[in-house]
Amino acid sequence: MADGDVVTSLPRGGYLVRSAAGLIQVGAPPETIKDCMVLKITNPTIYVIPNEMFDRDHGINLAEVEFPAYFNFFVLNRRVQFVCTREVEQRLRQVFRETLLGPEHIDLSEEFPGESASLAPDLAKECASLRTFHAIDELFVFSHFDPESNVARVSDDVEVRNDGDRFTFFECGAELASVPAHIQLPPAMYEKVALSSVRFKPPSFGVTTLGSSHGFDPTHNTCGIVVWMNGRGIMVDPPLNSSNQLKVAGIPPHLIDSIILTHCHADHDAGLIRKVLEEGQCTIYTTQTIMQSFLRKYSAIANTSVSELMTLFNFRPVPLTTPLRLFGGELHFHYSIHTIPCIGFSAYFGGKSLFYSGDTRNEPQFIRSLRDKGVMSERRAETFLSFGWHQTAILHEAGVPPIHTPMEVLVALPDHVKERLYLIHTSTSSVPEGAGLKVAEEGVEHSITLEPVQAPTFGDAIELLAVLEQIDLFQNFSLTQAKEILQSLRQDHWSPGQPIVAEGARGEHFFIISSGVVSVSQNGVVLKNLSIGDYFGEMALITEEPRSASCTAVTEVTTLTFARLDFLRILRGETAVVDRIFRLARMRLTPSWATICSNQFLNRLSNTQKRLVETAMELRKAAAGEVVWRSGDPNEFAVLLSDGTLRNECNGSEYSSGALIGCRTSTGSSFSLGDEVALRTFSLVAHSDVIYYRIPRADLNNIYTRNPGIRLSLMHRDAIL
């Protein structure tokens, strides 16, 4: 920031204001502390909390002040000042309660039931033993906006006024600067990217490191990995842009719908909601204790209830005394040694094993001291002290002491262990030269592959079913039908450039892509690319019409292929599925796909999501002056405008091609659907002759239920262009 500049926009979002009180930061999207480090700016001690703390479109916390507070207190030995309303103060206190102290009450009786109760750690004592402070108020103070004047005093000379849409700063009574009160996230950093045509075949068993470092390292991504088992991914602590990282590598986000949350520090949970909102409903695996802490934290951040947050994902508590069987392998979880409840795990697949430490202070001398003080049981201490380092691959943290494992502990390990050891949660500059240690390299090209030495039981069936469960046509099928599907399909392989189906030909097969990329074209013009989990060829089989498009392998492609008669036999009696295919076939005779892609939000959806929207659409026309709906009418459908102009008679807004209008179908919040039908708040009239698509309420609610990210983005808006 050059001398004389008053306001600086931060690369990750938010603003810095130079004042007599020092630097003041407005808004704090995740990792803005790294922005200051890169710009070589002293990290601010004053933070103005934005009026909206949570960005629903991206699932991002706009007031991630955890790490700025940690850095100022634990590294620079100073407190930060938060400027906000009293109501926001209470929400922030709840956040810091969970991240600094953990749950107020820890009850592990359900996690260690019956005879296993003796194995339960005393997490409250263990966590307290790592803390270097006594109360959260040691880290920060609050300044409040006066409820009448909307002015907060920052210092003797500096004040800030909350004007609703802007924050205006005054120095010695004179206006100093004015910045937006609503933080806009930079598109270059947070907008979704297109799926690459690069072909990545996930290992049967292995690890891809998405981020290897910690929240104070501006040169590398914050820690996060994907564990591959039977070719399916389990994401551990999703980094902020994990889905974009995967898309660049040619991996569709829906291929990874399982998430392990290790704990509730911002460098581990900041990207979780964003990942959850990508596509479909993810399943989160963690303990009940950690999940409840996460829900309390994010209900405060997003200003919604715990029950509404729970509608965004499926939660599966992990067992701590027995293995979790997933994708043909096993996961064994344990509580690590950290300042708040945190888990690590061992994974076993095909005769190979992987250890992931989680954040922990794995220091023998410290563990013995906890045992000697009665903080940790003899049995639990011995589990850590006798850790054999025998796994095929070991991902171990080496974060900043005293709450992480000291580097000297890892330096002292035998060479044969170091060969299998990959450091995470640390910067490369922290690793001593010549120590024989290495940081896990980021990117799919550096994935660690652990080739199984024995085939997992039912491995092939599990892999096929994992692909098939992504197919919406089969989602409600019975076990009998699933067996019939497995008996009917065959695997075909296609070389780059090889035609799979030809436009105008008779339909003889239905295809599901299990690996690779396929292009779809009409009259030689490429319309879209399909990838893992996408399917094609169904319409020609049902309608008996010629193929409407050509499909060609872009990369090496593997398909699960069904012959015509087998496909029709599988669908016998499935009238809802057949009706949906006919509806989609009718839509494909109209500019439905082009209209979807003309909307800035819908265009960002995956092919599967776009197809779900397209199937729900009904073509309509209206003459100029015709009323599409009236204010006070039940909101029974949304409108996607294809051609012409519609007018909001309440505020005069005009909508053109691509506008999506009337998405709030129920009285629920944007987090969950209510039971009552919402009423129209304005009349919508055709300003010219128009062509539009209706999306009925029932179909829209089905889209919302299956795609929480779409619901969160659309349910609170009257229109999106």
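Which side chains meet in a salt bridge at 3.4 Å, N to O? They are those of glutamate 654 and arginine 647, a salt bridge being a side-chain nitrogen of Lys or Arg within 4 Å of a carboxyl oxygen of Asp or Glu. This is a predicted model, in which local features need pLDDT of at least 70 and side-chain atom pairs count only at pLDDT 80 or more, while totals for chains, interfaces and linings use all residues. Residues are numbered from 1 along each chain as its sequence is written, and side-chain values use heavy atoms, with hydrogens and water left out.

Glutamate 654 has a relative accessible area of 44% and is therefore partly exposed, and arginine 647, at 28%, also counts as partly exposed; on this scale buried means under 20% relative accessible area, exposed over 50%, and partly exposed in between (1.4 Å probe, protein chains only). By the salt-bridge rule the count comes to 30. One of these joins the side chains of arginine 694 and glutamate 618 at 3.9 Å, N to O. That pair links distant parts of the chain, with arginine 694 in strand 41 (residues 690-696) and glutamate 618 in strand 34 (residues 618-622), 76 residues apart; helices (H or I, at least four residues) and strands (E, at least two) are DSSP runs, numbered from the N terminus.

A further salt bridge, at 3.7 Å, N to O, is made by the side chains of glutamate 31 and arginine 12. Here glutamate 31 belongs to the loop between strand 3 (22-26) and helix 1, whereas arginine 12 belongs to the loop between strand 1 (7-9) and strand 2 (15-19), 19 residues apart. Both glutamate 31 and arginine 12 are buried, and a network of salt bridges links Arg12, Glu31, Lys34 and Asp35. Aspartate 35 itself lies in helix 1 (residues 32-38) and, with a relative accessible area of 2%, is buried. If neighbours within four places in sequence are left aside, aspartate 35 is in contact (heavy atoms within 4.5 Å) with Leu10, Pro11 and Arg12.

We turn next to the nonpolar interior. A nonpolar core is a set of buried Ala, Val, Leu, Ile, Met, Phe, Trp, Tyr and Cys residues joined through side-chain atoms within 4.5 Å, and the largest has 59 residues, those with the most contacts inside it being Ile260, Val276, Phe294, Leu331, Phe333, Leu354 and Leu395. Helix 9 (residues 288-302) gives the most to this core, with 8 residues. Apart from it lies another core, of 25 residues, which includes Ile471, Phe477, Phe562 and Ile570.

Strand 20 (residues 329-335) pairs with strand 21 in the antiparallel sense over 6 bridges, two strands being paired if DSSP finds at least two bridges between them. On strand 22 (residues 352-356), which runs antiparallel to strand 21 and is joined to it by 5 bridges, tyrosine 356 stands opposite phenylalanine 345. Strands 21 and 22 form a hairpin with 2 residues between them, and glycine 350 in the turn has a positive phi of about 55°. Because 6 of the 7 residues of strand 21 (residues 343-349) are buried, this strand is largely enclosed by the rest of the structure.
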